[in-house]
Amino acid sequence: MALNHLAIPLLECTSTVYCMLMSLLLYLLFLLFPPSCIASQHWKALFDQFDPDNTGYISTEKFRSLLQRHGSELDPHKLEVLLALADSNSEGRICYQDFVNLMSNKRSNSFRQAILQGNRRLCSKALLEETGLSLSQRLIRHVAYETLPREIDRKWYYDSYTCCPPPWFMITITIVEVAFFLYNGVVLDRFVLQVSHPLYLKNALLYHPQLRAQAWRYLTYIFMHAGIEHLGLNVVLQLLVGVPLEMVHGAARISFVYVAGVVAGSLAVSVADMRAPVVGSSGGVYALVSAHLANIVMNWSGMKCQFKLLRMAVALICMSFEFGRAVWLRFHPSAYPPCPHPSFMAHLGGVMVGITLGVVILRNYEQRLQDQTLWWIFLSIYVIFVLFAIFWNIFAYSLLDLKLPPPP
């Protein structure tokens, strides 16, 4: 009876956590897999004019006629690739799905072959050999070589990137984190090791085990940092790594990896370090950085970025230093016993998301994630972990008769 008395109210409160996390996951999946746009229907209507029997194919002659009539509606880069596709097609016909893929920036192997075989500007020489580029063009080229392992993808990105929209997600999240830190610094009159201030835990944003039924804390803890040394390393890593990744892969994919790492971090703490609070954006940052580093290692020969070994070493040193600081702080005598200092398990949760979901997302720059078996496997594992952690939060704390620190 006592167990039920404790578990039922917590079950009702924690159901909010489940609803919130599942809604967030569905929203991010919607961003990753948007519905067909009106533009694709327009092109389908044009394509059907040349395919009255609905075979899904038209001849290359009809395809060229379509391009001549409506080529002005396309940007020059896409028109160039479509012409290369027609030139290199040995079957004498064009598949409608290939045509739609290009319209939605989703390229198939046939388009890669078209670019490789077509003797056009896109494949005439390596991107690094291009001269006379402006500062912005050199920056885009640098980002392409930093993040993409194949020359064909780098050229595609370089020619099609318009900086619209800009990498708003990583910049916005960084500004908000810095703003909250400065506000807390003024309120607490402390900027170094803020976590040692007696009033620090009273903030409504950080995750506390006694307040785990308050759903927003599983996400908003990223806006609280242990001190300027904690914030500084996270901000540097997420700007240096996150902004270029968002420029290439888009806000939807990068925000998915980041938020998935944040949620996995707080849930990992609630399972593996049940008495400790959580602060900082390390879960999301480590998800992005570990995914990027794993992608570099897996495509080592194709990555042409300068000093890649040195850059990896610097990133690993920064991560190790920040993780070591978190471990030291966790076992350092607390300023507000019996509650310990924040846990370091969120870092490990972020790393696990990065080397699973993150690697698949970054590896498939030009492909639909819906078609990737490995993506669905890792996504299923992630959802199972989230469900397990939610039920763990509902029942395990009571079953283990764990003595939690008092609420702040």
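Axes here are lines fitted to C-alpha atoms, for helices over the stretch in contact, and angles run from 0 to 180 degrees between N-to-C directions. Helices are DSSP runs (H or I, at least four residues), numbered from the N terminus. The model is a predicted one, so local features need pLDDT of at least 70 and side-chain atom pairs count only at pLDDT 80 or more, while totals for chains, interfaces and linings use all residues. Residues are numbered from 1 along each chain as its sequence is written, and side-chain values use heavy atoms, with hydrogens and water left out.

Start with the helix pair. Two packed helices are described by the angle between their axes and the distance between the axes. For helix α11 (residues 228-272) and helix α12 (residues 282-298), the axes come within 7 Å and cross at roughly 70°. That makes α11 roughly perpendicular to α12, a label covering angles of 65 to 115 degrees. The crossing of α11 and α12 is left-handed, meaning that the near helix is turned anticlockwise from the far one by less than a right angle.

Most residues other than glycine have a negative phi, and most peptide bonds are trans. Cys164 and Pro165, however, are joined by a cis peptide bond with omega at about 5°. Pro165 sits in the loop between α8 (151-160) and α9, and that loop also holds Cys163. Phi of Cys163 is positive, near 60°. Cys163 is partly exposed at 42% relative accessible area (buried is under 20%, exposed over 50%, partly exposed in between, with a 1.4 Å probe and protein chains only). Leu193 has a positive phi too, near 50°; its place is the loop between α9 and α10 (217-220), and it is partly exposed, with a relative accessible area of 29%.

Leu182 belongs to helix α9 (residues 168-188) and is partly exposed at 45%.

Tyr218, in helix α10, is buried, with a relative accessible area of 0%. Tyr218 and Gly265 are 47 residues apart in sequence, yet 8.5 Å apart in space, C-alpha to C-alpha.

Technical notes
Helices (H or I, at least four residues) and strands (E, at least two) are DSSP runs, numbered from the N terminus. Angles under 35 degrees count as roughly parallel, over 145 as roughly antiparallel, 65 to 115 as roughly perpendicular and the rest as oblique.
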